[in-house]
Each structure stands twice: as C-alpha cells, then as structure tokens.
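Here is a walk through a two-chain model, from the overall make-up down to single side chains. Have the viewer open and follow along.

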Amino acid sequence: MLVPTAADTSSIARTEREIVLEYEHSRREQILRFLLPAVILLGIIAELVLAVGYFFAPNESVRRSLLLILPLLAAALTLGLIGWVAYRRGRMTLASLLLLAMLGIGVAGSVPALAIEVGIDPLGLIAFTPFSAVIVLAGMIGDLWAIIIATLVMNVATAIFLIQLPGAAEMHALFARERTLLLPLMMVHQWLFAGLVLAIWLGYRRTLGAIGLSYERARQLDRLKDEFIANVNHELRTPIMAMQTYIEALRVAPERVPPAQLQMALDQAGDLSESLGELVRSILSTRRIEQEAETLKAETFHLLPVVQTAATLMDPREVGREQRDLVINVPSELVIRGDRIRTQQIVTNLLANAVKYSNSGTEVSISAKIVGLPGTDGFTMWRRRQPATPPMVEIQVKDAGHGIPPDQMPLLFNRFVRLPRDLASKVPGTGIGLYLCRVMSEAMGGRVWAESTGVEGEGSTFFVHLPFATASSLPQAASTVPLSR
Amino acid sequence: MTSGGDKRLRVMIVDDHRELLDSLSFALPTIAAIDVIAVESAAEALQGIMEHRPDCIIIDVKMPQIDGLQLVRVLRGDPETADIPMVILSAFVQERDQSAGMLAGADQYLTKPSKPQTIVEAIMTAVRLSQQERDARLHGLAEDVE
C-alpha cells in the first residue's frame, strides 16, 4: 500500500503538493486494484457468453455481428491484461491508459458494431445513459447498498420506460421493435455497470480508510508526545528541586550544617544528580534505539545465561526494595540467532516491568520454548500452504500484577506510552522500555506482544519471538557466548 | 520570626517523593527556624494533623489516591483545620493549575523546582495571612472566575 504511514509524514521537507500527489497516486492505485480485475473478469465472461451465443445464434445477422464483436472484445481483454501487468509493476499512468483504451474498444467499439449489424439505432441507446448516471451517483454518494438499490430501481425504471410508458414506442422505433431484446440487455448492462462502479467505490473506500487511519495514528502519536512531555516534566522537576534544595541549604548556611549532615547532604545531592542524568539519558536514547536497531549483530548464543544475566541487571531503583519470586524455566539447550546484548536488554525490560507492576510477594516467571517447528503446534496443519515460517524461540514473562486494560493494549509498544493508571502513580518510567523491546525484537526478525485480561491480580504475559538457531551453528570459540559455569 | 518572636515554626510537608521530603527536612531547619514533619500521602497528613498541629502545610498536587487539591479542600472544609496556612508545591506549572490550586483554598502556589528560600518566604507569607484576609481573597477569586 502506498498510503504513507504516520512515520513518513513526519518528514517536513516535503511540500504540500508532493503530499497531495502522493495521496492522488495512492487513490489511483487503489481504484485500479479493484477496477482492472473487475473489468477483465467481466470481459472474459462476456467473451465466453458471446462465443457460446455464436453457435446458438437465431440468424445470420446476429452471427455476423458477433463475429465483429468477439475479436474487438479479445483485443480489449488483451489491453486489460497488459494493463494489469503494468499495474503490478507500479506503472499507474500506463495502467490507467490501458484500462481506458480497453473500455473504449470494448464499449465504444462493440455498441456500434451491434448497432450496424443487428440494426439497432445507436441514438436510441443514448436514452439509457441517465439510468447509468444514477448508478454512478449512488456509488459516489452512498455505499455498496446504495449501488445495489440504485441498480434495482433503475432496472424497474428501464422496464417501465420500455414497456409501460405511453408514447415511448412512438418516440423511437427502436423501443417498439427491440423491446424484448433491449430490456434484458439493458438490465444486464446496468448490473455490469454497477459492478464497475462498485470496484471504483471500493478503491475510494480503501484510500480514504488508509488516509483516515494514518491521520488518526499521527494524532495519537502527537497526543502521546504531549503526554510524554508532561510526564517527563514531572519526573524531572521533583528530583531537580530536591537536589537544588540540598545545594542551596549548603550554600546559604554552611556554618549551620553539622559535619555529619554535610556528608549526607552532599551524598544525597550526588545521588540525585546521577539519577537525573540517567533519566535524561534514557529519554534521549529513543532516537538512538532506532539507529542501533539497524546495526544489530547476528550472533548465535544460548538463551539461558542471557536470561540469568538479565535478571541480575534489573535496575534496583526502579524495581524497589520488595522481593518477588523469580522463576526461571528456560531449557539450557535453547539457542538464538540475533544480538545477544539486545536480547538481554529485552529480557531485562520485561522482567523489570513485571516486577514494577506487581505487588511484593507475587511470582514473576520467565519461560521459553521453541515454536514453529513442523508438528510442534496446532497451527502447522492450516499453515502448510503458506510459506514455511522459520522456527522461533518463544520467551514468556508472566506476572500476577495489575494487568493491562485491553483497550490500552494497542498502543502499549509505542514510544512514550504510559498507562493513565501509571501516570497517576508513583511508579517511575518514561514509556520507552517496551518500545525498545518492540524495535529490537523486530530488527532481529522476531516480534513482541502481550496478553492480559486487565484484571488486578491476574497480571499480564509478555511474549517475545526471536529466531531459533540450531546448536550446531554455535561458534566453536566460546568468546561471544559466556556460558554460565 | 516576625510574628511569633523566637518560636520555631512547625511545617508539615505532604509529598509522595521521598527524596524531596528528605531534602526539605534537611534544608528548612538549616536556613530558617522551621521544623519539618514529613508525610508521604494525604491520608498520613490527615492522620497526623491533629497530633502535630502544624503552623503551615506544604502540599504536592499529584499524589496517588487522594491528591493535593482534594486534601486542601478537605482541610479547608473542616472547622478544626480550616485556618491552617496552606502552600501548594507542584510540578504543574500552567496558569489553570495555579488557579485550581488557589480556588481549592491554598494561600500560595509554588511550582517545582523552587529554591528553599522561596519556600520559606511562601511559608512566612501564608502564616502572616489572617483568617479574614484569607476569606476575602477566596471570595475575590471566586468572583473573578464568575
């Protein structure tokens, strides 16, 4: 899909005209995507029906006219198929031109042919264009049902016009002569026309839907950024003030500070400045995360030691003093292909979150298994026809904490996202950890997601998929893989 | 002290950030004749207020459960505590946050970060404010809003 995503639209360098052109391009692409196959399909059906009709033609003149129409339709179909190839290669202008040429030959060529051979007056056919115009209008204003209802109504109107309307027969000789042939022909024509309008309508709907989506996403991200700034603002102001308070007191009244307190005050101010520095660094790291994701190493390493290290690396300040039971259930033979340090970071973040958002005394568990090997899960049967997915190591981090409300799940892995509940609480955070998990796991060819009922105490489970590597692909030198023994 | 001679002031500080409580507990007695009673939540403040009878309360706005504005309203609504000077100390810096704080009944609104000297000044100003002045000011604010 060519509709730009929210991330693309952030490039300010593009002019308004370029942006409009891009959407225009995507509109055309979406319309062609539905219209071309629809027209080609209709063309093939018409060609087959007419070919069969040739053998059952009532008289020689019909057969002659069919002999004229069949090659015309075949030529139109050829143009349509070439148009489809052009569309697939991204040549939208060429594809549009070919589509128009196809319609031109198919319609403008076969109608006169029919008229001349069968003796139908083409001028009489013009009387039916308003009926088709109504169907087009229905497609532009309404939806699928509007098109169907408009077509039905126009069928009836055509029938009334041809059969019931007094004087219609006198108006044009064609209406009187060919009534029985003309009525079904016009009805079929109107339905074919409705099909084409529907294809265009689908194209429009897709484009507008995509534009709406990307607009909504950009707006959400904007709101998140605002929330993040407000959040960081609060996170920064308090420690800055605490640090300033120590320093000011020492500056204003050094003679009134007992020596024992002097050291304490300096230590506290030092700790505060350090954690402030850490906070600022973690905020600034978001940009870096994306850059680093492009330069990940492809190593082969054992998962278990990485998990063990990760567990010891949880930030004691974030995690708090209370104890949780950490259960590690990772088979020692599991080997991953990816970046070891980043994997460790992902695991650390997920464990730290599990501890942060659960009460002391509850259990946090981390387990891992292989998924996607043939015959290892229930999906293999119906996924067989799809390209085989490479086997993955699935890491699960489960807690029995506060859970995540399902409506807040979709945004969870975006930058700067913190749940409203956490913003109002004392739990520190900048909304970057899970974003890092997503960017890094995706860069390694995996993914991350979460499941939770949102019920307090039932907790949440975070899943990470990372590419599985066979143990034989481990490097012989143990330099990159510090096995824990 | 301007009003109470040599009497040391007792100030209760309500803030859910331990590090800020620690720093103010160190700084205020050092630079002024102020003793600090530090509490970490509005609930603790409500419990301790009768026992300690502070001369002034400094209140943070963003706190879990009962927030600072609610605490100010509760204290102003109770005849026992209605005349205690109250200073809000918050990271919310926008004008509407300030007027919300003043309308809730605070005497002063300080934003974080504020220097300890500024806090001492705010405490002194709040303490000097008589009940009559406080009522008059609140009436004035309410009329402004209308």
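## Chain A at a glance

Of the 485 residues in chain A, 40% are buried (under 20% relative accessible area, with exposed meaning over 50% and partly exposed in between; 1.4 Å probe, protein chains only). Before going on, a word on the ground rules: this is a predicted model, where local features need pLDDT of at least 70 and side-chain atom pairs count only at pLDDT 80 or more, while totals for chains, interfaces and linings use all residues. Residues are numbered from 1 along each chain as its sequence is written, chains are lettered from A and ligands numbered from 1 in the order in which they are written, and side-chain values use heavy atoms, with hydrogens and water left out.

Take the contacts (heavy atoms within 4.5 Å) in chain A between residues at least 6 apart in sequence: 76% of them join residues at least 24 apart.

## Chain B at a glance

Chain B comes with six helices and five strands, and along the sequence they run β-α-β-α-β-α-β-α-β-α-α. Of its 146 residues, 47% count as buried. The accessible surface of chain B is about 6,700 Å², 50% of it on carbon and sulfur atoms. Among contacts in chain B between residues at least 6 apart in sequence, 65% join residues at least 24 apart.

## Where the chains meet

The size of an interface is often given as the accessible area lost when the parts come together. Here chain A and chain B bury about 2,400 Å² between them (accessible area lost on being put together, 1.4 Å probe, summed over both), with 67% of it on carbon and sulfur atoms. In terms of residues, 26 of chain A are in contact with 26 of chain B.

Five residue pairs, both at pLDDT 80 or more, are in polar contact between the chains (N or O atoms within 3.5 Å; within protein, one must be able to donate a hydrogen and the other to accept it, and residues adjacent in sequence count only if both atoms are side-chain atoms). On the chain A side, helix H9 (179-252) and helix H10 (259-293) each supply at least two residues, and H9(A) gives the largest share, 16 residues. That side divides into 15 nonpolar, six polar and five charged residues (nonpolar: Ala, Val, Leu, Ile, Met, Phe, Trp, Tyr, Cys and Pro; charged: Asp, Glu, Lys and Arg; polar: the others, Gly among them).

## Salt bridges

Over all chains there are 14 salt bridges (a side-chain nitrogen of Lys or Arg within 4 Å of a carboxyl oxygen of Asp or Glu). Within H9(A), Glu216(A) and Arg219(A) sit three residues apart, about one turn of the helix, and their side chains meet at 3.4 Å, N to O. Both are partly exposed, Glu216(A) at 33% and Arg219(A) at 45%.

In chain B, Asp60(B) and Lys112(B) form a salt bridge with the closest N and O atoms 3.4 Å apart. This pair links loops 52 residues apart, Asp60(B) between S3 and H3 and Lys112(B) between strand S5 (108-111) and helix H5 (116-128). Are these two residues buried or exposed? Both Asp60(B) and Lys112(B) are buried.

## Close-ups

Arg76(B) is in helix H3 (residues 68-77) and is buried, at 15% relative accessible area. The side chain of Arg76(B) reaches the backbone oxygen of Ile84(B) at 2.8 Å. Among the residues Arg76(B) touches is Ala82(B), in the loop between H3 and strand S4 (86-90) and buried too, at 18%.

Over in chain A, Leu436(A) belongs to helix H16 and counts as buried at 8% relative accessibility. Neighbours within four places aside, Leu436(A) is in contact with Ile289(A), Gln345(A) and Asn349(A). H16(A) is followed by Gly445(A), whose phi is positive, near 90 degrees.

Key
Buried area is the accessible area (1.4 Å probe) that two parts lose on being put together, summed over both. Helices (H or I, at least four residues) and strands (E, at least two) are DSSP runs, numbered from the N terminus. Accessible areas come from the Shrake-Rupley method with a 1.4 Å probe; for residues, only the protein chains shown count as cover.
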